[in-house]
Amino acid sequence: MRTPKTRAALLAGLLLAASALAVVNPPTASAAPDPVTVTVNTRAGLATVPDTALGVNHAIWDSNLGTAETSDLLRDAGVQMMRYPGGSYADIYHWKDHTAPGGYVAPGTDFDTFMAGVRRVGAQPMIIANYGTGTPAEAADWVRYANVTKGYDARYWTVGNENYGNGHYGSAWEADDHPDKSATQYARLVVEYADAMKAVDPSIKVGAVLTMPGNWPDGITAGSDPGPWNQTVLSIAGPKIDFVDVHWYPGGTAAESLARVDHLPDATYLLRQQLARYAGPNADRIGISFTELNVDAGRNTQPAALFLADVYSGLLENGVFTAHWWNVHNGMGTVTQVAGQTDYGDFGMLSSGACTGDGSVCQPPLNTPFAPYHGLSMMKLFAKTGDQFVRAGTDEPLVTAHAVRRSNGDLAVLLVNKDPDNDHPVTIDYAGFTPSAVAPTVSTLTNGATGIATSRSGSATSRTLPAYSLTTLVLRPAGATAGRPAAPGQPAASDVTDRAATITWPAAAPGASPIAKYEVHRQHGALSEQLGETTTTSFTVDNLVPGSRYTVNVLARDTAGRVSWASPPLTFATGSPAASTCTVRFSANNDWGNGYIGGVDIINNGSSPINGWTLTWTWPTGWQQVSSGWSATWEQVGTAVRVTPTADNRQIAASGTVSAGFVGAYGGPNVLPTAFTLNGTVCATG
């Protein structure tokens, strides 16, 4: 975050521009005479909820940072991690004398006061070391004071805030006194910071700042850097860091922000691809945090509550270890009406008690919870430490679903109705779980409500979701769950080709009966396909599709028929054939943040010419497209691209090459294709 009162207008414009080009228009609300089908699949396991999951930001300009009332409200909402000293202020803040030259520091906001609040809440701190105007020595002294002198056991330290916003890419809101403002220099200094800080306390975790895939300046290479920001930082600092830190403000209208939550699986997938490719050996040890999240429209009203619950769930089920709302208190913005409620344009989740400059509109009293606070409280009810997310989905874009399975056998389901105008009846189908006939515990947050209503009511399989609402169901299982085997350990993939992969996993601990076999299931959205079964801890999957992403789980079944929880998920991608009669070289150059210059070279590996050709591929997402092209005829229907020759390049000579180019556009994470078909033959890639 750049300032305590408003976001940087320029960055907001860039985010909107980057998102607008190729995004399909979000769905509009309409009457729903037919029930929405919700599917919850406990065989499709996702990530486990960590003890750092639910986070918020605190800022040194907030005079209520250290009050008991504020801390108690955060504790009651289930906050597990608190970030300090506040966005871009971190890059001007000097902890020793509690100053931020050029900014405002409120009384009673020093580090010890912050830590007292953290302890009262029962949370863990996330501390931002000053990169912009600080030094590695200053950061190391802070670690020494926190963990050696005071014994605070502060584990998580990020080097800087949004340091790509230092002018290196043309826009400057982040303080940076270094003459060299390149991504390369940031990465080199991250190494120095990490070395100095860990020399004081080797047990701490040090994080580096990355940018959100699909958002500015993702994909852009500036100056003499070897590549874009993320590639450059990871290539140099990857071996020294323990996590990467990302911010996301999706921008747009309330409906657009809510729809863009669908970007998260691909964004986290791309981040992990970047870690694996650039961060050096054992890159899977590097965690991902999202420490600033908020919307542009409806910040204090129901859109923010829906977004918070949806985005926190989406990030956590994809393995992010913490998600943080910007901010606890922030200040009055532009006053609007959103879905019948007054919105103060305030990034805070608690009221600052502020008024407009002319005094015509005032917020409710200090610390009155706004809607996102209630959204965070719903997350506390829904996803508890140790729960395992399982796959859930719906057949209606305006209704989303998330689910977790608990160690006692209970299942919790979170339902988000993003339709501001219509109630939606839903029917809920369960796979791998049979709910008890006892009425579920139901918690609901409706538009304009001042809190969450909880009761036991209705059935586990059907209900009606109020317009613009959050609903959580907690269900008991129908039968006993004792005695089942433990879940198998984390699977791994090896020998991955275009058509096959070998999956191995640590054995599951038996329960009341010996383990009879393991089942390997592939996730298809909220459905599962059993790929096979084995009595060993290894299985080779054949008949895979080239250039496709697979997420699988392993379940253990014992001799009495009891089935374990799903293992942690394994995601891997098949590539192209090692050899083929054709090769395609795909390039994406001169990226400007929402588009690039693309090219395809088609190589005939055969001994005879190809007379007439059709090249096809499928984009991995729905927000990628070919805007225009040359040296060929370019067509796109849905996500399918079809390229055919012009009159002068119909023939590809033996061992010859034909090239064509296009302008690619994207409105979200730009996951590039990896499989191409020429005249029905899957080509190798080069």
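Let's start at helix α6. The buried residues of α6 are covered by elements including α5, β6, β7 (243-248) and α8 (264-278). Which residues of α6 are buried? They are Trp 229, Asn 230, Thr 232, Val 233, Leu 234 and Ala 237. One caution before I go on: this is a predicted model.

Now take one of those covering elements, α5. Helix α5 spans residues 183-200, and helix α6 spans residues 229-237. Their axes lie 8 Å apart, and the packing angle is about 30°. Angles under 35 degrees count as roughly parallel. So α5 and α6 are roughly parallel to each other. Their crossing is right-handed.

Who meets whom here? On the α5 side we have Ala 183, Thr 184, Tyr 186, Ala 187, Arg 188, Val 190 and Val 191. On the α6 side we have Trp 229, Thr 232, Val 233, Ile 236 and Ala 237. Sort that contact by class, and you get 9 nonpolar, 2 polar and 1 charged residues. Look back at the α6 list for a moment. Trp 229, Thr 232, Val 233 and Ala 237 are among the buried residues of that helix.

Next pair: α9 and α10. Helix α9 runs over residues 302-317, and helix α10 over residues 371-382. They pack at about 35°, with axes 7 Å apart. The crossing of α9 and α10 is right-handed. From α9, the residues in the contact are Gln 302, Ala 304, Ala 305, Leu 308, Ala 309, Tyr 312, Ser 313 and Leu 316. From α10, they are Ala 371, Pro 372, Gly 375, Leu 376, Met 379 and Phe 382. By class, this contact has 11 nonpolar residues, 3 polar ones and no charged ones.

Keep Tyr 312 and Met 379 in mind. That brings us to the core. As a general point, nonpolar side chains in soluble globular proteins tend to be buried together. Here, the largest nonpolar core has 118 residues. Which residues have the most contacts inside it? Phe 290, Tyr 312 and Met 379.

What does Phe 290 touch? Leave out its neighbours within four places in sequence. Then the list is Met 212, Asp 245, Val 246, Trp 248, Leu 271, Leu 315, Val 320, Thr 322, Ala 323 and His 324. There is also a second, separate core, with 24 residues. Val 600, Trp 634, Val 658 and Phe 662 are among them.

On to the backbone. In general, most residues other than glycine have a negative phi, and most peptide bonds are trans. I have two exceptions of each kind.

Cis bonds to begin. One joins Tyr 84 and Pro 85, with omega about 15°. Pro 85 is in the loop between β3 (81-84) and α3 (111-121). Another cis bond runs from Trp 216 to Pro 217, and its omega is near 0°. Pro 217 lies in the loop between β6 (205-209) and α6.

Now positive phi. Asn 367 has a phi near 75°. Asn 367 lies in the loop between β11 (341-343) and α10. Is Asn 367 buried or exposed? Its relative accessibility is 4%, so Asn 367 counts as buried. The other case is Asn 679, with a positive phi of about 50°. Asn 679 is in the loop between β36 (677-678) and β37 (681-682). With a relative accessible area of 43%, Asn 679 is partly exposed.

Asn 64 is in the loop between β2 (54-57) and α2 (68-76). Asn 64 is buried, at 16% relative accessible area. Not counting residues up to four places away in sequence, Asn 64 touches Thr 70, His 329 and Leu 366.

Last one: Ser 655. Find Ser 655 in the loop between β34 (651-652) and β35 (657-666). Its relative accessibility is 61%, so Ser 655 counts as exposed. Beyond its neighbours within four places in sequence, Ser 655 contacts Asn 604 and Gly 606. Thr 581 is 74 residues from Ser 655 along the chain, and their C-alpha atoms are separated by 9.8 Å.

That's the tour. Thank you.

Terms used. Residues numbered from 1 in each chain as written. Predicted model: local features only at pLDDT ≥ 70, side-chain atom pairs only at ≥ 80, totals over all residues. Heavy atoms only, no water. Core = buried A, V, L, I, M, F, W, Y, C linked by side-chain atoms within 4.5 Å. Buried < 20%, exposed > 50% of the residue type's maximum accessible area, 1.4 Å probe, protein only. Contact = heavy atoms within 4.5 Å. Axes fitted to C-alpha atoms, helices over the stretch in contact; angles between N-to-C directions. Helix = DSSP H or I, 4+ residues; strand = E, 2+ residues; numbered from the N terminus. Parallel < 35°, antiparallel > 145°, perpendicular 65-115°, else oblique. Left-handed = near helix turned anticlockwise from the far one by under 90°. Nonpolar A, V, L, I, M, F, W, Y, C, P; charged D, E, K, R; others polar.
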